Amino acid sequence: MYKIYNVLSNKDRKKLIKDIQPFLMTREELNIYYNNDITYMGKQTDQMFHLIPEVAPVMKKIIDKIKEEFFLDLEVRRSWVKWSNGRDDQIGMHHHYAFRDISFTGVYYLKTIPFFSSGTLFEDGFVRSPQNSMLIFAAPLLHSTPTNPFPFIDRYTVQFDLNYRNPE
């Protein structure tokens with residue numbers, strides 16, 4: 001696992017929280033949007049979030065930070081924002097390896113609650129990562145959003161599925 005700190009300026013981070021609001025969809029809306037019956041946890045955006053023009057400049061800063069810190073020529077295959085408030089029905093262990101074209105998963109902690117939701121729950125335990133940091137890990141690792149005792153506080157994370165760039 002690899003952590004990247006101080007990913008965005010506070011101004012960019014707060015702007016992104018504001019700008020994502022119209023793109024968040026409920027579980028039911030996501031099922032209609034994708035024409036499936038998957039149990040989505042919490043609210044999420046489309047899985048090509050980094051390509052939406054309204055957020056693309058800030059998303060590019062996050063992606064550039066990954067490239068700068070990780071020293072690998074990686075590209076984003078999918079990205080989305082997840083909202084949760086820590087309720088049990090928003091928690092579910094999963095991995096991102098089923099897509100086969102994914103080597104790494106990244107989680108950017110856009111807005112969290114210190115000591116309760118600043119990090120990711122893995123099969124082997126909780127890995128803390130503060131607000132405005134990012135955690136990059138192998139796509140096959142089972143992980144989940146953690147619960148928290150404050151359901152009136154929103155948590156926002158940006159997820160990335162990454163793979164090595166294909167040579168052109």
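**Strands, helix and rings**

Biologist: How many bridges join strand 1 to strand 7?
Modeller: Strand 7 spans residues 134-138 and runs antiparallel to strand 1. Strands (E, at least two residues) and helices (H or I, at least four) are DSSP runs, numbered from the N terminus. Two strands pair if DSSP finds at least two bridges between them. The bridges joining strand 1 to strand 7 number three.

Biologist: What kind of model is this?
Modeller: Residues are numbered from 1 along each chain as its sequence is written, and side-chain values use heavy atoms, with hydrogens and water left out. Local features need pLDDT of at least 70, side-chain atom pairs count only at pLDDT 80 or more, totals for chains, interfaces and linings use all residues, and the model is predicted.

Biologist: Which strands are the edge strands?
Modeller: The six strands form an open sheet with antiparallel pairing, in the order 1-7-4-9-3-2. An edge strand pairs on one side only. That describes strand 1 (2-4) and strand 2 (43-44).

Biologist: At what angle does helix 1 run to strand 4?
Modeller: Helix 1 (residues 10-20) lies across strand 3 (74-84), strand 4 (104-111) and strand 9 (155-164). Axes are lines fitted to C-alpha atoms, for helices over the stretch in contact (heavy atoms within 4.5 Å). Angles run from 0 to 180 degrees between N-to-C directions. For helix 1 and strand 4 the angle is about 95°.

Biologist: Is Phe71 buried or exposed?
Modeller: Phe71 lies in the loop between helix 3 and strand 3. Buried means under 20% relative accessible area, exposed over 50%, partly exposed in between (1.4 Å probe, protein chains only). The relative accessible area of Phe71 is 70%, so Phe71 is exposed.

Biologist: How are the rings of Phe23 and Phe49 paired?
Modeller: The structure holds five aromatic pairs. Rings of Phe, Tyr and Trp (its six-membered ring) pair if their centres lie within 6.5 Å; planes under 30 degrees apart are stacked, over 60 edge-to-face, the rest tilted. The centres of Phe23 and Phe49 are 6.2 Å apart and their planes stand at 75°, so the pair is edge-to-face.

Biologist: How many residues apart in sequence are the parts that this pair ties together?
Modeller: Phe23 sits in the loop between helix 1 and helix 2 (27-34). Phe49 sits in the loop between strand 2 and helix 3, so the parts tied together are apart in sequence by 26 residues.
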